[in-house]
Amino acid sequence: MVSLVKGDGMSSQFARSFVSRKPVRMMSAAIALTMAASVGAFGMVSATADSASPSPAAAPKVLRIGTTTSIDNPTIWAVNSASEWGSIVIQYDMALKFGPDLTASPGLATSCDPSEDNRTWTCHLRDGLKWSDGQPITSKDVVFSYNFVRDKQFDYFNSYFPEGTTFTAPDDKTFVWHLTKPSIGPMRPAWCYIVPEHIWGKYSNSTQNQIKAVKLFPNVASGPFVMTQANAGQNWTFSRNPNFWGTKPTYDQVVFQLYTNQEAMVQALKNGEIDIADGFDGPLLPALTAIPNVAVQKVESDFWVSLAFNFGGQGPNAHPLPALKDLNVRKAIQMAIDKQGIVDKVYPGAATPGDTIVRPLSTFWHLNVPAEKVIEYDPAAANALLDQSGYAKGADGIRIDPKTNEPLHITLPTSDDVNGSSDVGQLVRGYLKQIGITVDVKPTTAAKMYDLQQSGEFDAYIWYWSGDPDPNYVLSVFTSSACDGDGHLSDGCWKDPAYDALFEKQQAEFDQAKRQQDVYEAQQYIYDQIPDVALVYPNYIEAYRTDKVAGLVATPAKVGYLTTSYDYASMVAAHPAEQPVTTDSSSSGGIPVWVWPLAVAAIGVGVFLSMRRSGKGSEEFERD
Amino acid sequence: MRLRYIARKCGWALLTLLFVLSANFFLFRIMPGDPIGLLARSTRLSPEALAQQIHLYGLDQPLPAQYLTYLKQTLSGNLGVSIISGTEVAETLASRMWPTVLLVGLGTLIAAVVGVVAGIKGGWTRGSGFDRGSLYSSLLLYATPEGWLGMLLLIVFAGTLGWFPAGGYASNSGAGAASFGDVARHLFLPVLTLSLGYVGSFVIVMRSSMIDVKEEQYITTARAKGLSDGTIRSQHAVPNAFLPSFTLIVLSVGFILGGAIVVETVFSWPGLGLLTYQAIQDQDYPVLQAVFLISSGAVVVANLIADIAYGYLDPRVEEV
C-alpha cells in the first residue's frame with residue numbers, strides 16, 4: 001500500500017495512481033444512474049411480485065399473531081415465556097383441559113371417575129385419537145407423560161401430582177391415578193400436557209438439559225396445530241394438524257410474529273401486518289382504540305400487584321419494621337391506600353382495584369369481597385385506628401412505635417418487572433404520609449427483588465403474584481411451610497396456623513361447590529389478616545382487526561384471552577372476516593408504485609446537477 | 001522496524017483479549033440477583049430441581065473454580081448453554097450474527113460513504129451553503145437519540161403510510177428462506193435509522209480534518225504551482241485528511257458485532273444487540289459472556305488492524 005501522507009507539496013507516487021477526474025466523474029454518474037435504474041427495477045419487481053401472488057383460493061389462510069415475548073426454545077420442556085406457553089397450548093392437549101370457567105372439561109379424556117375413597121381415579125380416552133404423525137394416542141402415552149415429567153423433574157407440570165401418586169394403563173383407552181391420600185387428582189385439572197411416548201420415550205435416560213436441547217420440526221402433538229418452522233428471534237409457524245380430533249380449524253397456519261416493543265406492534269396492527277396483537281399495557285389503549293377496524297379485549301387480570309409485608313425470620317439479615325406485625329398497623333395502611341386512585345393515575349382504563357389474592361381471571365374461584373367486609377379507603381379512620389393503637393405522632397408528624405420508640409418508616413423496594421410499580425410506590429408513599437408513616441421507595445430489578453425476598457432485607461415491597469387457574473398454588477404461597485428452605489415462595493414469611501388449616505381444608509374437599517366456599521373462606525381470611533394487600537388487577541390487553549379475523553372465543557368466557565393462554569378454542573373457531581373492508585394504501589403493506597419513478601427521477605436530477613457543477617473543475621484539470 | 005511495530009501491536013492486542021476474557025467472567029457476577037433463583041420463581045422449580053439446575057450450571061462451585069472452568073471451556077470453543085432457553089449459546093449466536101452484520105454493516109457502510117463525501121465537500125468549501133447545511137444536519141442527527149428517530153420513522157413509514165413493515169427480519173410464509181425483496185423491505189427503515197445516526201460523526205470528523213489540512217503549507221505550495229482546486233483536493237488534501245476518518249471507519253467495523261441494541265429493539269431486528277438486551281434482563285450469564293466476548297474481541301481486532309494499517313499509511317507512526 002502506498003503512503004497517503006505527503007508533507008512536502010511534491011507530487012507523489014500516490015498522485016500518479018489516480019486517474020483523471022473526468023473519467024472518474026463519468027464513472028460516478030454511471031454508478032448513480034445504475035443505482036437509479038436498480039431502484040426502479042426493484043420497485044417494479046416488488047409491485048409485480050405483489051400482484052403475482054397466488055390467487056385467494058390457492059393461498060394458505062394464515063392467522064398472524066403479534067407478540068412481545070419470544071420463543072427462545074420451542075420445546076415443551078423449556079416453556080417459560082408467555083409465547084412459549086401459547087405455543088404449547090396451541091399444539092398439545094391435556095387429559096382434562098380448562099373449560100370456559102377454567103375448571104376441568106373433557107380433553108383427550110372424556111371423564112375421570114373417582115373411587116369411593118377418592119384415592120383412585122379412572123379416566124377414559126376418546127375414540128380414534130391420533131398424533132399428528134398418524135400414530136394412535138393411547139393411555140400409555142398419558143402414563144408415560146406423567147411419569148416423564150416426574151422422573152425428569154419438570155416441576156411446572158409435575159407439581160400437579162401429589163406425592164406418591166402412581167399411574168397405570170389397564171388398556172389402551174383407560175388410565176388410572178393411584179393416590180396415597182384422597183385428592184381431587186385429575187379434576188384440578190392436572191396442567192400437564194400429553195406427549196407421544198414413541199417420540200420422547202427414547203430420552204428416558206437423558207438429562208433434563210439434553211431433553212431441552214431436542215428440537216422437532218415438524219413437531220408431533222395432538223392439538224389443532226403443530227410447529228413446523230422456527231426462525232429464532234423472529235417468527236414461529238404452526239401448521240394445521242391433519243389428525244386433530246376436534247373441529248377442523250379454518251386457518252391453515254398460525255404465525256407468531258415477535259415485536260420487541262409494544263409501540264411497534266401497534267403500528268403492525270395498524271398497517272395490517274398482523275391480525276391479532278397479543279399483550280399491551282394500559283397506556284397504549286388510546287392508540288389502539290383510535291385505529292379503524294380494531295377491537296380491543298381487556299382481559300380480566302391474571303395477576304395482581306401486591307404490597308407484601310415482611311414478618312421476618314428469613315435469615316440473619318431480616319430485620320423488618322416490628323410494627324408491621326401489628327394487624328392494626330397493616331389495616332391502617334390498607335385503609336390509607338386509595339386503590340381506585342392508583343388505577344386512575346397509573347393504569348387509566350386498564351385495571352381494577354384489587355381485593356383478594358386469587359386473581360379475577362379464575363372466575364369460578366375468585367371471591368368478590370362482600371360489601372360489608374370491604375376495608376374502605378378512609379384516611380381519617382386509618383389515623384384514628386393508629387391513634388387508638390398507641391402510635392402517637394411525634395413533633396414532625398411521624399408516628400412512633402410505642403414498643404421500640406422508633407419512627408414508623410418503611411423501606412419499599414418496587415420491582416421493574418411490574419409495569420408502573422415505581423409509580424405505584426410513589427403513590428403509596430404519598431398515601432402513607434397522610435397517616436404519619438414515611439416510606440422510602442426503592443425501584444429495583446426483578447433479580448434483586450428475588451434476593452431481597454430470600455434474605456428478608458425489606459420492610460414491605462411491591463411485586464406481583466400470578467397463579468394457576470386452580471387457586472391451590474397461590475393459596476399455598478401463604479402457608480407457613482412456604483417460608484421453609486432456600487428458594488422459599490413466601491413473600492414475608494407470614495405464618496398463621498389458622499390459615500394453614502383453611503388451606504388444608506380446601507385442598508381435601510372433593511365437592512366442587514363446597515370447595516369453592518372453602519376457597520372463599522381462605523381468601524377472606526387473608527383479606528382480613530392482611531399479610532399482603534392486593535392493590536390492583538391490571539388488565540391484559542389484546543387487540544385484533546375486525547376486517548381480517550372473526551369468530552375469536554375468550555377463555556375464560558367473555559373476560560378471558562382471545563389467543564392461546566389456556567385453551568386453543570379461539571384458534572379453532574377463528575376464521576377470516578367474511579366481509580373485509582376495502583383496503584386503502586395505508587394498509588396495503590407496500591410502497592405505492594408512484595414512489596419509484598419519483599425516486600428514479602430524483603436520483604437522475606441529482607446526477608445531472610452534480611455533473612453541471614463539476615464541469616468547471618474538469619476543464620481546469622484538462623488544462624494541467 | 002515494521003515487523004517490530006506489528007509484533008508490539010499484536011502483543012498488546014493479545015494481552016487486551018486476555019483481560020477481556022477475565023473481566024467478562026467477573027463483570028456479570030457483580031450484577032445483583034440470581035438468575036437461577038429468578039427462573040425458579042417463574043417456572044416453579046422445587047428446591048431439589050433448583051439445586052440440580054444450580055449444580056448443572058456450576059453455580060454451586062467456588063468462584064475461582066467457576067473461573068477456571070469458564071476459561072477452559074471458552075478457550076476450547078465451548079460457550080456453554082443458555083440458562084433461560086437451554087440451547088447451546090454458540091447456536092444462538094450463530095443465528096443472530098448475520099442479521100447484525102447485515103444491519104450494522106450496511107448502516108455503517110452507507111454512513112461512512114455519505115459522511116466522508118459530505119465531509120470532504122463541506123470542509124473544502126467551508127462556509128458555503130452546503131457546508132452549513134451538512135454541518136447543522138450532522139450535529140442534529142448526532143444529537144438525536146436513535147430510538148426516538150427510529151420510532152418516528154416507524155410511525156410515519158410503517159404505521160401511517162404502510163410502506164414498510166413494522167418490524168422483524170422477514171415476513172414468514174412458512175415456505176423456507178426469506179426472499180431478497182422481503183428482507184430488503186424489512187431492512188430499509190432500520191438501516192436508514194442507523195445510517196442517519198452514524199453519518200453525523202463521519203461528516204464532522206472528515207470536515208474537521210479537511211479544514212485542518214487545507215491550512216497546511218503543502219496545500220499553499222500546490223496552489224502556487226498552479227494546480228487546479230480539484231486536483232489539490234483529491235490528490236493532496238484528502239489523502240492526508242482521511243487518516244482520522246480511516247480510524248473511525250475501522251473501529252466502527254469492529255463495533256458491528258456488538259450490534260445496535262436500540263435500533264434492533266425498535267425494529268424487532270433479531271440481531272446480537274437485541275440478544276444482549278434480552279440476556280441482560282434475564283441475567284443469562286452464558287449468553288452475556290459470549291456476546292460480550294465476541295464484541296470485545298471484534299473491537300480489539302479492529303483496533304489492531306487500524307494500528308497496523310496506520311503504520312503503512314502514515315510512516316511517521318512507526319517512528320514514535
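Me: What order do the strands of the open four-stranded sheet in chain A take?
Reply: Bear in mind that this is a predicted model. The sheet is open and its pairing is antiparallel. Strand 4 (109–114) and strand 6 (166–171) of chain A each pair on one side only, so they are the edge strands. Reading across the sheet in chain A, the order is 4-5-7-6.

Me: And how much does that sheet twist, on average, from one strand to the next?
Reply: We're still on the sheet with antiparallel pairing in chain A. From one strand to the next, the twist averages 20°.

Me: Which residue of strand 7 stands opposite T122(A)?
Reply: Strand 5 (residues 120–125) and strand 7 (residues 174–178) of chain A run antiparallel and are joined by five bridges. In strand 7 of chain A, the residue opposite T122(A) is V176(A).

Me: Which helix lies across strand 5, strand 6 and strand 7 of chain A?
Reply: Look at residues 139–151 of chain A, which lie across those three strands. Their helix runs at about 170° to strand 6 of chain A. That's helix 4.

Me: Which residue stands opposite I541(A) in strand 19 of chain A?
Reply: Strand 19 of chain A pairs with strand 11 (residues 276–280) of chain A in the antiparallel sense over four bridges, and there A277(A) stands opposite A543(A). Six bridges also join strand 19 of chain A to strand 12 (residues 294–299) of chain A, again antiparallel. Opposite I541(A) you'll find K298(A).

Me: How many residues of strand 10 of chain A are buried?
Reply: Both faces of strand 10 of chain A are covered. On one side Q253(A), V255(A) and Q257(A) are buried, and on the other V254(A), F256(A) and L258(A) are too. For strand 10 (residues 253–258) of chain A, the count is six of six.

Me: Which residue in strand 10 of chain A is the bridge partner of V62(A)?
Reply: Strand 9 (residues 235–240) of chain A runs antiparallel to strand 10 of chain A, with five bridges, and N235(A) stands opposite Q257(A) there. Strand 1 (residues 62–67) of chain A, by contrast, runs parallel to strand 10 of chain A, with six bridges. The partner of V62(A) is Q253(A).

Methods:
Residues numbered from 1 in each chain as written. Chains lettered and ligands numbered in written order. Predicted model: local features only at pLDDT ≥ 70, side-chain atom pairs only at ≥ 80, totals over all residues. Pairing = 2+ DSSP bridges. Helix = DSSP H or I, 4+ residues; strand = E, 2+ residues; numbered from the N terminus. Axes fitted to C-alpha atoms, helices over the stretch in contact; angles between N-to-C directions. Contact = placed C-beta atoms within 7 Å. Buried ≥ 20, exposed ≤ 12 C-beta atoms within 10 Å, placed from the backbone.
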